[in-house]
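Reader: I am new to this structure. Could you walk me through how to read it, feature by feature?
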Amino acid sequence: MGVGNLGELGMMAGTATVEAAAAAGESPRGLDAAAAGLERINLLGLVMHALETQLLRWCERPFRARQLARWMHRSGAADFGAMTDLARSLRTVLSERAEIRAPQVLRRHHSADGTRKWLLDVGAGNAVEAVFIPEVDRGTLCVSTQAGCAVNCRFCATGKQGFGRNLAAHEIVAQLWLANRELGTAAGRGAGAVSNVVFMGMGEPLLNYDATLRALRIMLDDHGYGLSRRRVTVSTSGVVPMIDRLREDCPVALAVSLHAPNDALRDELVPLNRKYPLAELLAACRRYLERAPRDFITFEYVMIDGVNDGDAHARELLALVREVPCKFNLIPFNPFPGSGLRRSPARRVQAFATRLIDAGHVTTVRRTRGDDIEAACGQLAGEVQDRTRLHERNARSDRRTIGIAEVR
Ligand code: SF4
């Protein structure tokens, strides 16, 4: 749910990317592979059984997969030559046929409050963001799953870009691999390490299901990053059938971008609601809780001035969720150019939160973090380039919307 300025990225790509890659000790994409005439396999995207299968294909013993995974995910290694407990013959095969490589970093930002952001080149003019948010008792990494997003939520800077492409599993895992390396916590341990991952960056993870699932499995694997299911959260705008699949395949913590207490308003704010309306979405949430690692769903609710932040909205919201154990995360809207929306005043957000709390719901108001680097995970504002003429389409739809049109 973040966004990068693709026009500027294009300008930077020829210079900054190579410098950044060199600074990070990464090899420029494909040079070695091109020289060898081979398409290398990026091992960051292989779950354990796929890694074992691949080693078998190379006539290696499958148990080596665990060693390799630990080097790669736990130690943050990229250089096969340094994996000294692997046989020299295996290191040679790996050097010729495989790679451990993150997308090139186009920009790095480091906020005064410790928040860090990486802007990553995923090719063909597409860029995605990963954001690390340190707190006293945890370090949360927000990862992207798509370049752009097709859901086109009204309040989201990423939605304004339109859809670029799905990320591959290795590109999702690479965001965690890279963050651990650059935070100096390659083993994922210690102060300042990534302890939690939220799939809440650019894109709708459940519309890139296979890659998301593989990335989740690698992050949870004891030989991978060893994160607990409670510490990994998938955030969805409400792709009902895939919520059910995730429940079966890999039930991690679930967050749902709700943002409206009724179908009429949610149809406007989250267009996917026209396909999967609230009754179906909440039923899926109840089913999910039967397998979830936490006994609640987190409902995210962007607070937009005069649109969804009134007392009546709060009452309606409470009635809506009465049969779903839940917490609320209120997110003051982050304005961006062309949105036509405004952030709810702080007193309104507080009044809304108080209503939810008084009704017995744990409710948090997301603190603004990394403002100086535009790092709000989910709605990174500012540098929006409208490559798909969505801006014009949205402008036309503005004239049809209720409530939103009243914002001055
Ligand atoms: S908020 Fe909506 S448009 Fe933005 S990334 Fe999430 S699903 Fe896509």
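Reader: Let me start with one residue. Which residues does Cys250 touch, not counting residues up to four places away in sequence?

Author: Two residues are in contact if their C-beta atoms, placed from the backbone, lie within 7 Å. By that rule Cys250 touches Leu213, Leu216 and Arg217. Before we go on, please note that this is a predicted model: local features need pLDDT of at least 70, side-chain atom pairs count only at pLDDT 80 or more, and totals for chains, interfaces and linings use all residues. Residues are numbered from 1 along each chain as its sequence is written.

Reader: Where is the place of Cys250?

Author: Helices (H or I, at least four residues) and strands (E, at least two) are DSSP runs, numbered from the N terminus. Cys250 sits in the loop between H10 and strand S11 (253–257). Arg291 is 41 residues away from Cys250 in sequence, and the two are 9.1 Å apart in space, C-alpha to C-alpha.

Reader: Is Cys250 buried, exposed or partly exposed?

Author: A residue is buried if 20 or more other C-beta atoms lie within 10 Å of its own, exposed if 12 or fewer, and partly exposed in between, with C-beta atoms placed from the backbone. Cys250 has 18 other C-beta atoms within 10 Å, so it is partly exposed. Of the 408 residues of the protein, 47% count as buried.

Reader: How many helices and strands does the protein have?

Author: The secondary structure comes to 15 helices and 14 strands. Among contacts between residues at least 6 apart in sequence, 70% join residues at least 24 apart.

Reader: How do I read the sheet, and in what order do the strands of the open sheet come?

Author: Strands of a sheet pair through backbone hydrogen bonds, either parallel or antiparallel. Two strands count as paired if DSSP finds at least two bridges between them. Here 10 strands form an open sheet with mixed pairing, in the order S3-S4-S5-S6-S9-S10-S11-S12-S13-S14. Strand S3 (104–110) and strand S14 (363–365) are the edge strands, each pairing on one side only. Direction ignored, neighbouring strands of this sheet are turned by 20 degrees against each other on average.

Reader: In which sense do S3 and S4 pair?

Author: S3 and S4 pair in the antiparallel sense, over six bridges. One of the residues to look for is Arg107, whose bridge partner in S4 is Leu119. The two strands form a hairpin with five residues between them, and Gly114 in the turn has a positive phi of about 95 degrees.

Reader: What about the pairing of S4 and S5?

Author: S4 and strand S5 (residues 126–134) pair in the antiparallel sense over seven bridges. Trp118 has Ala130 as its bridge partner in S5. Their hairpin has two residues between the strands, and Ala124 takes a positive phi near 55 degrees. Seven of the eight residues of strand S4 (residues 116–123) are buried, so S4 is largely enclosed by the rest of the structure.

Reader: And in which sense do S12 and S13 pair?

Author: Strand S12 (residues 297–303) and strand S13 (residues 326–332) pair in the parallel sense over seven bridges. Look for Thr298, whose bridge partner in S13 is Lys327.

Reader: Now the helices. At what angle do H8 and H9 cross?

Author: Two packed helices are described by the angle between their axes and the distance between the axes. Axes are lines fitted to C-alpha atoms, for helices over the stretch in contact, and angles run from 0 to 180 degrees between N-to-C directions. The axes of helix H8 (residues 169–182) and helix H9 (residues 209–220) come within 8 Å and cross at roughly 40 degrees. Angles under 35 degrees count as roughly parallel, over 145 as roughly antiparallel, 65 to 115 as roughly perpendicular and the rest as oblique. H8 and H9 are therefore oblique to each other. The contact is made by Ala169, Ile172, Val173 and Leu176 of H8 and Ala211, Thr212, Arg214, Ala215, Ile218 and Met219 of H9.

Reader: How do H10 and H12 pack?

Author: Helix H10 (residues 240–249) and helix H12 (residues 278–289) pack at an angle of about 0 degrees, with their axes 9 Å apart. They are therefore roughly parallel to each other. In this contact Val240, Ile243, Asp244 and Arg247 of H10 meet Glu280, Leu281, Ala284, Arg287 and Tyr288 of H12.
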